[in-house]
Amino acid sequence: MSEASRRIFGQALAVLFALMLGTVVIIIVGESPVRVFATLFEGAFGSPERIAGTLLQTTPILVCGVAACISFRGGLFNIGVEGQLFMGGFAAVLVGIYIPLPPLFHVLLGIAVAMAAGMAWIAIPAFFRARYNANEVVSTILSNYVAVLLTSYFTIFIFKRPGGWSETSQILPSAYLPEIFSFSRLNWGLVVGLVLAVGVHLYFRHTPRGYAVTIMGQNVKFAEYGGVDIRRHIMMVLLASGAVGGLAGGIEALGVHHRFMEGFAPGFGFDGVIAALLANGHPIGTIGTALFFGALRSGSLLLEVDTNASREIITVIQALIILSVSAEFIMRRRGDSMAAERRWKF
Amino acid sequence: MCGFVCGSGAGVGYAVELKGVTKRFGTFVANDRIDLAVRPGEIHAIIGENGAGKTTLMNILFGLLQPDEGEIIIDGRPMVVANPRVAIGAGLGMVHQHFKLVPSLTVAENVFLGMEIRSGVFIDHRAQIQETERLSRAFGLKVDATERVGLLSVGIEQRIEILKVLARGARIIILDEPTAVLTPQESRELFQTLRGFVSQGMTVIFITHHLEEVMAVSDTVTVLRHGKKVDTRPTAELTKNELVQMMVGRSISFDRRRRETVTGDTVLSVRDLWCRDDRGLPALRGVSFAVRAGEVVGIAGVAGNGQTELAEVLSGLRRASHGSFRIGARDLTGASPRMIRSAGVAHVPGDRLVRGVDRQSTIAANILMGSQNTPPWERRGLIDWPLVRDRSRKLMERFDVRAPGPDTLVKSLSGGNMQKVVLAREFSHDAPCLLVDQPTRGVDIGATESIHDEIMRQRADGRAILLISVQLDELIALADRILVMFSGEIMGDLPGDDVSEESLGLLMAGVRTEPEEAAVA
């Protein structure tokens, strides 16, 4: 079996194993697994509206996933996509409210500013990683909390709209990202995400810089020896990853919510990181895994209405998938490195 | 040779005896029927080059590896050392190359980790500290038992590792390259400690590849080469030169290549170059030389005398602390690897797995490295992969890389074929200057011959070649001049067509003489 197919097979097995464990949990809480899974499927794909709903959930996960893929490719871990999404969303909303422009330009400026905000948010972790080799996993995780709380503070104390809710006022209609169908809030953000995933994939495969980043991600000493400026490439990879994280926020803000509020995007950034991990950092694969997580999310809405199982069951199943996929990943890695050691250490 | 070992061994018995120990990793034979006899109360050095099988042999003795064949006898009793616990029970202790200490715990806590002295359910810290201090005094290993390990220097950490071994009651102590991490000062202190051990009736086995250490501290020395034992001799009977001969050997003798002498312009010139190694110690101390076009200049030396660092500085991977080097008229001191590459330097690194290849990538992707931004491989911002594959296919043929095709992953190749991928890439850049570090390490004879052919072809094409090798016969076969490095300095500059392994050996051992005298010696 080839390398890639062995990898996909292993992970499919891991997901299956997680679903089996999920079945056990469902039985324990006193529900019928068949009914739960059927309802999930029904909720995710049962009608055009539901499919659109699933795709609506898929979009931010996909864009966040691509953001994570970019960093993984360079051997880096941007776990701060959630924070970049919040910053990007907030920045886009400010543009949407305060800078009146003609329709297309307004959207473009909002998106550009969202990307700049995401980039700015990862700039500090990126600098410290590139310059002082400070672990980017820790610094990007921590920056998430700051982003979520900071935007929340601004929303409540500075930009709150008159009235009860902790949210800003609406953005101008000229800044709306247009919807694709009349019956759903599903918007062109999905297309942006798909094009982005394919584009990033092609970029890594066919450009000199994409090649350099790929090699850096696999053997940084070899890349350095071959003349790749490591610091510069680390900086570029993380900034690009952060920009795409910000883009996800911009799409959510201009395409779905049309304003900023507390709890703007519940965990899309984290789901994106996991979708990317599950796809082994492959942008095209991330389209599939993001759809899977999107379907779980949208299916779980119906789950609460139609069964006694709570929506949290989905969180449990998701956690099980993460556990078993990472276990499979670690086992495969260890197998590889043990084989390598048998061969080279004496 | 037998007279010494057999004679004094009669009736005394050995502390450790290995008989016919063989260990294979796949088709690679790491230890080939090795016999080893260590007398009680001696310091027994095991010396050999990297990959000679020293560590494997000691790991077998300590139960970390199981031999495929052979016998282990400790204190006259044949034993199956199934795991380190058995070895410790038999009175063995091993200090590894890489320390295994917990930085957040104190010295005493580390010494007794896993065998804590208890009072009831609690750890008796006071007793542990007292016992650590007692051992420290008894063996002259000065430590503060209450200090946290994370705050201590590497030299002290090693003392703690030795204390750990002592606390477990070891009488036969194995040290794997103990001086690799130490400063010269710390090394001298360690040797004193080892002397102290034997004077108290203990036995010490230590692994090294430094001749001076063998001469300075050991009673007996066993030389390993390519997984085989060369000999065991009393140290006092040996000279450094003989030891070098035994280590390096001359099993494969290549004929010196016939060639025209082509004298071109100076391509690489190095002036008073200094640098530090990873520990911050001086690795190069004022190296100066020049390489002309159409010339192969060899760098000889026992591994670890600054050769690798020299190649790293010249390729931009390591900073020079002083001095300069030029390619042609251009000063490239402190330039980035990319600038140096584009100035016309190709580099075959000494450790192909670390620097030479990316094992996860295809052969084509490995061949591309370094030219991904240069036409025709890059056109209008895109890599021309079909062209790269085509080029790789041709190079694979020319360099005899045995693999299904350019899309084969490098990690599925054998060591020799990986090395050929590295050479194919570096030799095809048409760079005027080639840095070639250990081109045939781990490569079989047939491939070695073809690699040598390729180096000579590059020479004929007028390249300036700096060839670093620990194999003297390789240097003698290929080099026009041989520079000998010893502890970061160039000890001598010998013409390649009039040089003997003996004269090189003396210089490699750090004895500075005129070539004529060396030949006489």
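I'll start with confidence. The model has an ipTM of 0.83 and a pTM of 0.76. For chain B the mean pLDDT is 85, and 93% of its residues reach at least 70. Where pLDDT is low, the predicted coordinates should not be read in detail.

Now the domains of chain B. The assignment gives domain 1 as 2-91 + 171-247, domain 2 as 100-168, and domain 3 as 266-351 + 429-520. Taken over C-alpha atoms, the centres of domain 1 and domain 2 of chain B are 27 Å apart. Their contact uses 10 residues from domain 1 of chain B and 8 from domain 2 of chain B. Which helix gives the most to the domain 1 side of that contact? Helix H7 of chain B, residues 184-199, with 4 residues. The domain 1 side consists of 6 nonpolar, 3 polar and 1 charged residues.

On to a sheet in chain B. It is open, has 4 strands in the order S2-S1-S4-S5, and pairs antiparallel. S2 (28-38) and S5 (77-79) of chain B are the edge strands; each has a single partner, so one side of each lacks a neighbour in the sheet. From one strand to the next, the twist averages 25°. Strand S1 of chain B, residues 16-25, pairs with S2(B) over 7 bridges, in the antiparallel sense. Within S2(B), B:Asn31 is the residue opposite B:Lys23. Helix H2 of chain B, residues 54-61, packs on this sheet and touches S1, S2 and S4 (69-74) of chain B. The direction of H2(B) makes about 115° with that of S1(B).

There is also a helix pair to look at. Two packed helices are described by the angle between their axes and the distance between the axes. For H5 (125-139) and H6 (154-167) of chain B, the angle is about 105° and the axes are 10 Å apart. H5(B) and H6(B) therefore count as roughly perpendicular. From H5(B), the residues in contact are B:Thr132, B:Leu135, B:Ser136 and B:Phe139; from H6(B), they are B:Leu163, B:Leu166 and B:Ala167. That contact has 5 nonpolar and 2 polar residues, and no charged ones.

Last, two backbone details. Where is the cis peptide bond that joins two prolines? Between B:Pro375 and B:Pro376, with omega about 0°. B:Pro376 sits in the loop between helix H13 (363-368) and strand S19 (378-379) of chain B. The other detail is B:Asp400, which is not a glycine but has a positive phi of about 55°. B:Asp400 lies in the loop between helix H14 (385-398) and helix H15 (415-427) of chain B.

Technical notes:
Residues are numbered from 1 along each chain as its sequence is written. Chains are lettered from A and ligands numbered from 1 in the order in which they are written. This is a predicted model: local features need pLDDT of at least 70, side-chain atom pairs count only at pLDDT 80 or more; totals for chains, interfaces and linings use all residues. Domain bounds come from an automatic or database domain assignment. Two residues are in contact if their C-beta atoms, placed from the backbone, lie within 7 Å. Helices (H or I, at least four residues) and strands (E, at least two) are DSSP runs, numbered from the N terminus. Ala, Val, Leu, Ile, Met, Phe, Trp, Tyr, Cys and Pro count as nonpolar, Asp, Glu, Lys and Arg as charged, and the others, Gly among them, as polar. Two strands pair if DSSP finds at least two bridges between them. Axes are lines fitted to C-alpha atoms, for helices over the stretch in contact, and angles run from 0 to 180 degrees between N-to-C directions. Angles under 35 degrees count as roughly parallel, over 145 as roughly antiparallel, 65 to 115 as roughly perpendicular and the rest as oblique. pLDDT is the predictor's confidence in each residue, from 0 to 100.
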